[in-house]
Amino acid sequence: MLRQLASKRLITQRIQILPRFYHEKVIDHFNNPRNVGSFDKNDPAVGTGLVGAPACGDVMKLQIKVDDTTGEIVDARFKTFGCGSAIASSSVATEWVKGKQMEEVMTIKNT
């Protein structure tokens, strides 16, 4: 029993708690989110997506405005309720899709 306690103490003494660091770009998108807001949902050029993650409580609404003749996403907006990484990733997503064709955007994955 004494040997087990001594062993546990050595193990807990060796464990270091390291802080988690986010990449500077993630912090920048959290502190200065781009394209926050929404479009008129009745505008026929606007598409709206709503996703949520019940496990962590994040909810994101993403809207895109598409040029009907070219199929290009001319603008994007988001509103997100959630943690810093959810807000930052929403901001990044709007930057990624602007100026791209719908076919190209459909290839974006969350991996």
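## Confidence in the model

In this predicted model the protein chain has an average pLDDT of 85, and 82% of the residues score at least 70, where pLDDT is the predictor's confidence in each residue, from 0 to 100. Helix α1 (residues 2-14) has the lowest mean pLDDT among the elements, 52, while strand β3 (residues 73-81) has the highest, 96; helices (H or I, at least four residues) and strands (E, at least two) are DSSP runs, numbered from the N terminus. Where pLDDT is low, the predicted coordinates should not be read in detail.

Residues are numbered from 1 along each chain as its sequence is written. For this predicted model, local features need pLDDT of at least 70, side-chain atom pairs count only at pLDDT 80 or more, and totals for chains, interfaces and linings use all residues, while side-chain values use heavy atoms, with hydrogens and water left out.

## The sheet

Three strands form an open, antiparallel sheet in the order β1-β2-β3, and two strands are said to pair if DSSP finds at least two bridges between them. Because β1 (46-53) and β3 stand at the edges with a single partner strand each, one side of each is left without a neighbour in the sheet. Neighbouring strands are turned by 15° against each other on average, direction ignored; axes are lines fitted to C-alpha atoms, for helices over the stretch in contact, and angles run from 0 to 180 degrees between N-to-C directions.

Eight bridges join β1 to β2, and eight bridges also join β2 to β3. K65 of β2 is the bridge partner of V46, and K65 also stands opposite D75 in β3. The hairpin of β2 and β3 has six residues between the strands, and in this hairpin G71 takes a positive phi near 75°.

## The helix on the sheet

Helix α3 (residues 84-97) packs on the sheet, touching β2 and β3, and its direction makes about 175° with that of β3. With 14 residues, α3 reaches 20 Å from its first C-alpha to its last, close to the 20 Å expected at 1.5 Å a residue, the expected span being 1.5 Å times one less than the number of residues.

The buried residues of α3 are A86, I87, A88, S90, S91, A93, T94 and V97; buried means under 20% relative accessible area, exposed over 50%, and partly exposed in between (1.4 Å probe, protein chains only). The cover over these buried residues includes α2 (24-31), β2, β3 and α4 (102-105). Just after α3, G99 takes a positive phi of about 85°.

## The nonpolar core

The largest nonpolar core has six residues, I64, V66, I73, A76, V97 and V105; such a core is a set of buried Ala, Val, Leu, Ile, Met, Phe, Trp, Tyr and Cys residues joined through side-chain atoms within 4.5 Å. Both β2 (58-66) and β3 supply at least two residues of this core. Apart from neighbours within four places in sequence, the contacts of I64 (heavy atoms within 4.5 Å) are F39, A45, V46, G47, I73, D75, A76, V97 and M102.

G52 lies in strand β1 and is exposed, with a relative accessible area of 53%. Leaving aside neighbours within four places in sequence, G52 is in contact with D58 and V59. G52 and F81 are 29 residues apart in sequence, and their C-alpha atoms are 9.3 Å apart in space.

K25 lies in helix α2 and counts as exposed, at 60% relative accessibility. The C-alpha atoms of K25 and V92 are separated by 9.3 Å, although the two residues are 67 residues apart along the chain.
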